[in-house]
Amino acid sequence: MPVLKGLGKPGDYRREQIMSIIGRNDPCPCGSGRKFKRCCLGKLSAGTGRFTLGERNIGLKKLLRFSARPEFGAGLAAYDLFWAHWLSERSEEEIQKVMTLEQTQIAYNSWFVFDFDLGEGRTMLDLFLEREGERMSTGERNYLEGMRKSHLRLYEVLEVELDQGIELRDVWEGGRMWVRERLATHDLAQWDLIAARVGEGEDGVMVLEAAPYMYPVSAKEDILKELKNAHRRFTRQFPGKDLVSFFKWVGATFHHLWLKWVAFRPLPKIVTTEGDSFVLAKVVFDVVDRNTLVRALRSHPALDDHGDGSYAWLENVGAFQRSLGTFIFQGNRLVLETTSRQRAEQGRNLLGKIAGGAVKFRATRYEDVGQALKFRPAAAKRQGPEIPADLQAKIVGEYYERHYRKWLDEPVPALGNRTPRHAARLKTVRPKLIALVKDFENRAERQRRAGSPAYDFSWMWAELGLSRK
């Protein structure tokens with residue numbers, strides 16, 4: 001056993017005494033340099049005899065078998081309550097997709113045994129323990145007793161220690177906790193937003209009871225708003241009930257939110273600078289007189305000859321130029337590629353005016369961006385980086401540095417067209433700015449894990465006077 005500095009050996013003290021002397025977030029007295037909760041806390045908690053991992057799994061299986069008895073299959077409104085109006089608002093194809101998701105099966109079963117109110121605040125778990133508790137081992141019963149008040153909550157990931165655990169912040173109440181976890185540490189990154197059911201592990205350390213729901217970082221305020229609206233309805237309907245009762249009552253909502261923000265999240269609406277819907281458009285012309293057509297293209301001030309059979313179609317905007325599309329020779333045809341129906345028609349009219357009978361319009365094809373992404377071919381595997389990794393990181397870093405230093409003083413639509421510096425001084429807008437910076441850091445961490453160059457945003461917090469809390 002490690003020697004606790006200033007305390008002697010752990011065996012000289014009761015576990016409770018040691019754990020009352022040392023705070024969970026204090027440096028571990030064994031000298032490892034890690035926090036107590038991530039080091040020896042589990043060792044001191046071990047051997048308490050509450051339950052083993054095997055007893056936990058057996059107890060859970062017995063509970064699920066009990067809940068599948070025929071007596072609970074009829075007359076209960078659980079299924080309708082879990083889905084509420086969600087199914088009535090979806091197509092048959094969407095419903096079929098949802099029902100085949102493993103996450104849906106796990107979500108419903110968990111909610112049914114731990115959260116669904118059978119009447120008078122009693123759950124399936126409560127009923128199971130009343131009927132079968134005496135026939136279970138002490139460890140199995142201890143585990144299930146500890147799960148009586150378990151429920152899903154919304155958490156923000158503060159720190160991830162690979163293969164060890166996660167530090168979470170309760171988004172509703174603000175408290176922090178360390179959760180021992182291995183598998184999820186490979187998927188989660190700082191600032192991830194999750195809904196999780198947390199329980200006590202076999203050695204007393206908190207653990208995730210199942211794979212958490214993961215939501216986009218940017219969805220935090222919207223999801224929290226939905227939960228607050230639900231809480232207002234709950235308190236009107238059930239005055240005096242506590243938060244545990246609320247989170248059990250709203251438990252199915254976390255699955256609905258996951259379907260909305262992840263499984264069925266719509267693509268963002270993309271528009272051109274003119275405000276028109278972004279559509280991939282191709283306008284095809286048959287070439288009748290190539291020489292006349294080339295002279296017409298080269299002489300027009302809005303067209304820039306690239307020298308490779310393509311011509312950029314440009315428009316002056318103040319001191320700058322923006323691209324409206326590209327004309328490209330493809331064999332005996334000229335194709336205009338652009339990004340809206342309006343630009344396609346404008347380009348067709350332009351070519352008709354400048355080229356006359358040198359071309360003949362053939363057809364226009366439009367393709368939705370979502371469909372294009374859905375059916376695009378898989379990218380070919382790269383044999384190796386075209387640029388050395390260190391040089392690539394340097395180039396990307398310099399680009400991001402210039403971009404984000406400049407970004408601080410540019411209007412941002414997500415901030416109501418305020419600059420980040422201005423938004424940082426406004427109490428009502430500051431949370432949106434903080435959410436943006438967290439999203440930047442979250443994406444950068446995922447880039448780093450994927451082996452790509454990642455930018456360090458740590459300076460931005462201080463520059464804008466923002467707190468990470």
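Y404 is buried, at a relative accessible area of 11%, where buried denotes under 20% relative accessible area, exposed over 50% and partly exposed the range in between, with a 1.4 Å probe and protein chains only. The model is a predicted one, in which local features need pLDDT of at least 70 and side-chain atom pairs count only at pLDDT 80 or more, whereas totals for chains, interfaces and linings use all residues. Residues are numbered from 1 along each chain as its sequence is written, and side-chain values rest on heavy atoms, with hydrogens and water left out.

The partner of Y404 in an aromatic pair is W407, the geometry being edge-to-face with 6.3 Å from centre to centre and 70° between the planes. Such pairs are assigned to rings of Phe, Tyr and Trp (for Trp, the six-membered ring) whose centres lie within 6.5 Å, and planes under 30 degrees apart count as stacked, over 60 as edge-to-face and the rest as tilted. Both Y404 and W407 belong to helix α15 (residues 389–407), where they are three residues apart, about one turn of the helix; helices (H or I, at least four residues) and strands (E, at least two) are DSSP runs numbered from the N terminus. W407 is likewise counted as buried, at 9% relative accessibility.

By the ring-centre rule, the count of aromatic pairs comes to 37. In one of them, the rings of F51 and Y143 have centres 5.4 Å apart and planes at 70°, so the pair is classed as edge-to-face. Because F51 lies in the loop between α2 (41–45) and α3 (53–67) while Y143 lies in helix α8 (residues 138–146), this pair ties together parts that are 92 residues apart in sequence.

Charged side chains were considered next. Side chains of opposite charge can pair when their charged atoms come close. With a salt bridge defined as a side-chain nitrogen of Lys or Arg within 4 Å of a carboxyl oxygen of Asp or Glu, the structure holds 33 salt bridges. One of these joins E71 to R131, with the closest N and O atoms 3.2 Å apart, and it links distant parts of the chain, since E71 is in the loop between α3 and α4 (78–83) and R131 is in helix α7 (residues 124–132), 60 residues apart. E71 counts as partly exposed at 44% relative accessibility, and R131 is also partly exposed, with a relative accessible area of 38%. The two residues are members of a network of salt bridges that links R69, E71, R131, E132 and R135.

A further salt bridge is formed between R333 and D286, the closest N and O atoms being 3.4 Å apart. Here R333 lies in strand β11 (residues 333–338) and D286 in strand β7 (residues 280–287), so the contact ties together parts that are 47 residues apart in sequence. R333 counts as partly exposed, at 35% relative accessibility. The side chains of R421 and D409 meet in another salt bridge, at 2.7 Å from N to O, in which R421 is in helix α16 (residues 420–424) and D409 is in the loop between α15 and α16, 12 residues apart. Both are partly exposed, R421 at 27% relative accessibility and D409 with a relative accessible area of 46%.

On the surface, K225, K228, R232, R233 and R236 gather in a patch of positive charge. Patches comprise residues with over 30% relative accessible area and no salt bridge, like charges being joined within 9 Å and nonpolar side chains (Val, Leu, Ile, Met, Phe, Trp, Tyr) within 5 Å. R236, found in helix α9 (residues 220–237), is exposed, with a relative accessible area of 62%.

Helix α9 also holds E226, which is partly exposed with a relative accessible area of 30%. The C-alpha atoms of E226 and T253 are separated by 9.3 Å, although the residues are 27 apart along the chain. T253 is found in helix α11 (residues 251–263) and counts as partly exposed at 25% relative accessibility. Between T253 and L227, which are 26 residues apart along the chain, the C-alpha separation is 8.5 Å.

Conventions. Accessible areas come from the Shrake-Rupley method with a 1.4 Å probe; for residues, only the protein chains shown count as cover. Lys and Arg count as positive and Asp and Glu as negative; His and the chain ends are not counted. The place of a charge is taken as NZ of Lys, CZ of Arg, CG of Asp or CD of Glu.
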